[in-house]
Amino acid sequence: MMSALIAPELVALDADLGPDKHDVIRALAQRVTDAGRATDLDALVADALAREEISATGLPGGLAIPHCRTSGVDEPVVAFARLSPPVDFGAKDGPADLAFLIGAPAGGDATHLTILTKLARALARPEFGRKLRETESAEEAARTILDAVSDAPAEQKTPAAAPEAAPTQKRSLVAVTACPTGIAHTYMAAEALQAAAARAGVEIAVETQGSAGATPLPAETIAKADAAIFAVDVGVRDRSRFAGKPLVSSGVKRPIDDADAMIAEALAAAENPNAARVESGRGESSESASTASESWGGRTRRILMTGVSYMIPFVAAGGLLIALSFLLGGYDITNVYGAVMVDNTITNLPDAQGLGLEHALFDSGLAVYLGALFFVIGKTAFMLFIPALAGYIAYAIADRPGIAPGFIMGALAANLFGVANADGVSAPATGFLGAIAGGVLAGVIAHWVSGWRVPSWARGLMPVLVIPLVTSILAGLVMIVVLGKPINWLMERLTDGLGALDGSSAVALGAVLGLMMAFDMGGPLNKVAYSFAATGVGAASLAANAPELRIMAAVMLSGMVPPIALALATVVRPQLFTTAEHENGKAGWLLGASFITEGAIPFAAADPMRVIPAIMVGSAVTGGLSELFEVGVRAPHGGIFVLFAVTNVLGYLIALAAGVVVGAATVIALKSVGRAPVPAAATS
């Protein structure tokens, strides 16, 4: 049976919980732990502070709602404090005197999330805050919160027309709200828009794309709406449903602050023939809030990052499977995998010695059989990553109509068909450069074709027949006739250049890749360096000393350095870091070891001028040493957990340790110059 969302022991009235929001969050998390409602205090605090880094959780009217999804709780829980003195949580109108710490289990079910959406809606109502400010007992405060959860509507339904009003005379709007965690702001923004629409005498139907799921607005509701409002910090799912509607867009916090103005702007947009409109047939990645006013630079970045983000799982899965196949069957498994796949079964295992597999694990027939299967699965994944890169670049440009022709262009770039002449000379393979060019080409053409005006009877044929057919013909001809040989020539020169790298030139390349990995910690430069390395692994020869494998090692090691270096710095000189940074440092050890460079972002966001140069130095040292020691790694992800796929493990560990020490020493030195130590906050 699920526990109550809040109890009196989770309430603090007129409490002084510290001077800043980090202290308040930790104190409320400690109260949750003391009440036996948290399984991991540190996880709850770290996840709440990480959510705070995304955007401030202070709201108008003296409210603060730090919240998170976390492994630190098994059931939804709320701790509440009436703060005295109030504490700044980033709201425009001043500090908050009512603070709610909301914790949702990381794997919470629909019941958990529905309860939290009801609480979020209640927080948007002024009378709710008034009751909590007037109460004199923790029991009454807890009861007020529980009553609000019981009484608040969980989801806004499409409003029915008022019985006395003529439906054709009343203006109507549709809206979508969505925030990164989908717990609080999503539903508070919806509540605020509904209240503002009621004050303006306007009908509004809101689709909340939150963690509790979304009930899509009916097509007829969207069709009759005069305008649309997108209040989102993430992508709008199925955005094309609203195509052509006048649009007002913002982040999810704006309607909480100023819903009346947004309703007025939407009504004005409905009357303005030149107003921005939801684009037709266009999608956006989940990392983008709106493309209506997107710059060309931002659009280019989004398109490429979409392709890369969808490509990486193919590379990571394929690389790890091939690495496991070599662990089980040895590198010679590449000579016999076909025979094992065809001739053997789980009940008829191969003979490792008979096949000449001297490096098979324990000379085991089962290890050889599994190694052969893993190699086949992994190479299949590798065959698909170039098509996936092109397909999802096209998707980012043209939405769903671009996927099929984009994949086809990627398959042409990889020569997936294995086209060759009678002498065995293969058709040009343009690799990842061809995939980028082909994906852009397919996306642009598909977007153009999707805008054709066609008779109503032909509209159903456009996405399933006309667009993919016309796009594949036009883009395919350009790829084969015009771009194929020039891009293939460029790829051959790049491959030859990598093979010629030796000595100082290889060390310099490793250092440059290290600088790129650390500069924006998961951003465009980081992803360019990673994509360069990962696609190289996919095309690398099977030799352990292939230059592509050394580049992958330099990139992986360099990406591991920033979080670990900063974690080490918080231990060596704790007085230089805030309480929040100490919490982030604890997580940094594991994030860095797992090759998740983004673990350094909270440090860089708080002090970019000192942190970013320091971690760039550390990563450059590691990248250069990795190349100097000729470290290679066949797995494109996994960090310290894929040592079995590493060539020269000792060099791997030395390069990593050296960069971590240099990075930590540099950040400590920079933070120590001209800056007073940061007093560590209480830990309870």
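Guide: Two strands count as paired if DSSP finds at least two bridges between them; strands (E, at least two residues) and helices (H or I, at least four) are DSSP runs, numbered from the N terminus. The structure above is a predicted model, in which local features need pLDDT of at least 70 and side-chain atom pairs count only at pLDDT 80 or more, while totals for chains, interfaces and linings use all residues. Residues are numbered from 1 along each chain as its sequence is written, and side-chain values use heavy atoms, with hydrogens and water left out.

Visitor: In which sense do strand β1 and β5 pair, and over how many bridges?

Guide: Strands of a sheet pair through backbone hydrogen bonds, either parallel or antiparallel. Here, strand β1 (residues 11–15) pairs with β5 in the parallel sense over three bridges, and Val11 has Phe80 as its bridge partner in β5. Strand β6 (residues 96–105), by contrast, pairs with β5 in the antiparallel sense over seven bridges, with Ile102 in β6 as the partner of Val78.

Visitor: How many of the residues of β5 are buried?

Guide: Buried means under 20% relative accessible area, exposed means over 50%, and partly exposed covers what lies between, with a 1.4 Å probe and protein chains only. Eight of the 11 residues of β5 are buried, so this strand is largely enclosed by the rest of the structure. Strand β5 spans residues 77–87 and contains Pro85, which is joined to Ser84 by a cis peptide bond with omega of about 5°.

Visitor: Which residues have a positive phi?

Guide: Most residues other than glycine have a negative phi, and most peptide bonds are trans. Among the exceptions here is Phe362, whose phi is near 60°; Phe362 is found in the loop between α10 and α11 and is exposed, with a relative accessible area of 74%. Asn648 also has a positive phi, near 70°, and lies in the loop between β12 (646–647) and α21 (649–672), where Asn648 is partly exposed at a relative accessible area of 34%. A further case is Asn415, which takes a positive phi of about 50° just after α12. Within helix α12 (residues 403–413) itself, the buried residues include Pro405, Gly406 and Met409.

Visitor: What is the order of strands in the open sheet of four strands?

Guide: The order is β8-β7-β9-β10, with parallel pairing, and the edge strands, each pairing on one side only, are β8 (203–208) and β10 (247–250). Direction ignored, neighbouring strands of this sheet are turned by 15° against each other on average; such angles run from 0 to 180 degrees between N-to-C directions, with axes fitted to C-alpha atoms, for helices over the stretch in contact. Strand β7 (residues 172–178) is joined to strand β9 (residues 227–232) by six bridges, with Ala227 of β9 as the bridge partner of Leu173.

Visitor: Which strands does helix α6 lie across?

Guide: Helix α6 (residues 185–200) lies across β7, β8 and β9, and runs at about 175° to β8. Helix α8 (residues 254–271) lies across β7, β8, β9 and β10, and runs at about 160° to β10.

Visitor: At what angle do helix α10 and helix α11 pack?

Guide: Helix α10 (residues 333–343) and helix α11 (residues 365–398) pack at about 95°, with their axes 9 Å apart. The two are therefore roughly perpendicular to each other, a label given to angles of 65 to 115 degrees, whereas those under 35 count as roughly parallel, those over 145 as roughly antiparallel and the rest as oblique. Contact means heavy atoms within 4.5 Å, and the residues that meet include Tyr337 and Met341 in α10 and Tyr369, Leu373 and Phe375 in α11.

Visitor: Which residues touch the most other members of the largest nonpolar core?

Guide: A nonpolar core is a set of buried Ala, Val, Leu, Ile, Met, Phe, Trp, Tyr and Cys residues joined through side-chain atoms within 4.5 Å. The largest one holds 74 residues, of which Met552, Val555 and Met556 touch the most other members, and α11 gives the most to this core, with 14 residues. Leaving aside its neighbours within four places in sequence, Met556 is in contact with residues including Phe595, Val633, Pro636 and Tyr652. Another core, of 56 residues, lies apart from the largest one and has Leu63, Cys68, Phe89 and Ala122 among its members.

Visitor: How many helices and strands does the protein come to?

Guide: The secondary structure comes to 21 helices and 12 strands, and buried residues make up 52% of the 684 residues. Of the contacts with a separation of 6 or more, 73% are between residues 24 or more positions apart.
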